[in-house]
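Trainee: Could you walk me through this model? I would like to begin with the charged side chains.

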Amino acid sequence: MYAELRHLDGACAGQTRIVRKEFATIGRHPSADVQFDPERDLEVSGRHAALFLEGGAWVLRDLGSSNGTWLNGVRIKGDRQLAPNDVIRFGAQGPRLVFAAHADAPTIPDTRKEPAGGPEGKARVIIPEGSTTQRIRVAADRHAAPWRRATFVLAVLAVLGVLGVAWVTGRRSRALEAERAALLARSDSLIERLASATSSVTALQDALRQAEQETQRLRAAIARKSSSPARLDSLARALAQSTRRHETVLRAASLDAAAIARGNRDAVGMVLSEFPDGHRVAGTGFAVRVRGDTAWIVTSRHLVTAPNGARPARLGVIFNGSNQNFRALLLAVADSADLALLTVRVRGGVPVVHGLAAASQVGDPVAVLGFPYGFDFPGGSDWRRTGVSVSSFAGSVRAIRDDAIEVDAYGAGGSSGSPLFNSAGEVIGVVYGGDPRTGGRVVYAVPVQAVERLFKKVTGDQ
């Protein structure tokens, strides 16, 4: 028996998910069995609900989501058994799924003869003696000499040919072994670098381990003596591609993300928006300036404005390590970038990020500090007692455009509003989304120049 879930709307509209497991999770988290878009389906929690078999029937359960789970227009409490064509909504205004269940190989001439009465009466060859015999032998040798010389030359040529083939074969074999040795040395060097690289970012540690295992498999294939020259050429190309790909992992690991976090994490906070229709959104913001008790917070526009342009009924910021939700005010949103500027008043002020830096290049290592998936982090439900805790991620710049920085990141999906730092701990961009096809691996950030333009527009200075 299996279940079929079809997306009626939202970022995944039209897609169908098949559930064959006896217990499946639904949400925006990459590990969810039925996954929503982590950047656009913001009404859905990271682990929102569960679908499981009980007594031969499919049952729906809410997993303590922020915006609630609705079945056929009614918010559920506890477990609810599903029937065909039931409509499940995630949040009061969130995306919907429709449910369905299914049951389940050269001869010397004869010139002299004995008389007819000779032995047995048969003719036989008589070999002349004396000078005549010698002359015949000399003539025969003279006629045979060219053939002997030709045979000798052919034999010499054959020997030279065999030796030439052996020399060429040996030369090719030596060249093949030299190429194999060079490829093995390159793969050993890459393996050593990957094995010695460390990171405080869990997702990056996994990426380093996977890169090392992949290179080990490639090295084993290179080391096989049976590999043909064509096969070795193919392996050489594969090693070059693998090296280029793993260099981005190594550059990310070279960044001291922990040090950047220590210097900036207290300036980063969780931004909470509650809209007039009741749905809530959580993301990240960071303080860029403070004067007295007033701090200016940068975040993503889509976290503090609804798709229809509505602004939050309530807006707050909880700074890292704190359990206090400070009321915030939305000052302005950018016209052409996913940016917004808030203010918040905190007695004694708040720390600000180390600084802003416009310069960045493709391949530069970067770090991200934020709250991916809002409260859906370990211990997130107990934030009122323990406070919120910022997460750090690492990556490298993949591409730079006028309106966006593309980052090859590790575990930073769902980090809208998070600051993007260079190796000096300065902000170079603000994360606003990612490529859903990469499972959160590739994220995009608004360049810091757009932040400076928005700040100047609002405050009149840089």
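**Salt bridges and strands**

Mentor: Arg245 is partly exposed, its relative accessible area being 40% (buried means under 20%, exposed over 50%, partly exposed in between; 1.4 Å probe, protein chains only). Please note that this is a predicted model, in which local features need pLDDT of at least 70 and side-chain atom pairs pLDDT 80 or more, while totals for chains, interfaces and linings use all residues. Residues are numbered from 1 along each chain as its sequence is written, and side-chain values use heavy atoms, leaving out hydrogens and water.

Trainee: Which side chain meets Arg245 in a salt bridge?

Mentor: Glu214 does, with 2.2 Å from N to O (a salt bridge is a side-chain nitrogen of Lys or Arg within 4 Å of a carboxyl oxygen of Asp or Glu). This pair links distant parts of the chain, as Glu214 is in helix H2 and Arg245 in helix H3, 31 residues apart (helices, H or I of at least four residues, and strands, E of at least two, are DSSP runs numbered from the N terminus). Glu214 counts as partly exposed because its relative accessibility is 27%.

Trainee: How many salt bridges are there by this rule?

Mentor: The count comes to 17. Among the residues involved, Arg398, Arg401, Asp403 and Glu406 are linked in a network.

Trainee: And what does Glu177 pair with?

Mentor: Glu177 forms a salt bridge with Lys225, and their closest N and O atoms are 3.1 Å apart. Glu177 belongs to helix H1 and Lys225 to the loop between helix H2 (202-223) and helix H3 (229-254), so the pair ties together parts 48 residues apart in sequence. Lys225 is exposed at 64%, and Glu177 is partly exposed at 29%.

Trainee: Asp37 and Arg40 also form a salt bridge. Which is buried or exposed there?

Mentor: Asp37 is buried, with a relative accessible area of 6%, whereas Arg40 counts as exposed at 55%. Their closest N and O atoms are 3.3 Å apart.

Trainee: Back to helix H1: is Arg180 buried or exposed?

Mentor: Arg180, in helix H1 (residues 130-196), counts as buried because its relative accessibility is 2%.

Trainee: What does its side chain reach?

Mentor: The side chain of Arg180 reaches the backbone oxygen of Ile222 at 2.9 Å. A polar atom of that side chain also lies 2.8 Å from the backbone oxygen of Arg224. Beyond its neighbours within four places in sequence, Arg180 is in contact with residues including Ala223, Lys225, Ser227 and Leu232 (contact means heavy atoms within 4.5 Å).

Trainee: Changing topic, how do strands E3 and E5 run?

Mentor: They run antiparallel: E3 (residues 23-27) is joined to E5 (residues 49-54) by four bridges (two strands pair if DSSP finds at least two bridges between them). Ala24 has Leu51 in E5 as its bridge partner.

Trainee: How many bridges pair E5 with E6?

Mentor: Six, again in the antiparallel sense, with E6 spanning residues 57-62. The bridge partner of Ala49 in E6 is Asp62. Two residues stand between these strands in their hairpin, where Gly55 takes a positive phi near 60 degrees.

Trainee: Last one: where is Val298 found, and what does it touch?

Mentor: Val298 is in strand E14 (residues 294-299) and is buried, with 3% relative accessibility. Gly285 is 13 residues from Val298 in sequence, yet their C-alpha atoms are 5.4 Å apart in space.

Methods: A polar contact is a pair of N or O atoms within 3.5 Å; within protein, one must be able to donate a hydrogen and the other to accept it, and residues adjacent in sequence count only if both atoms are side-chain atoms.
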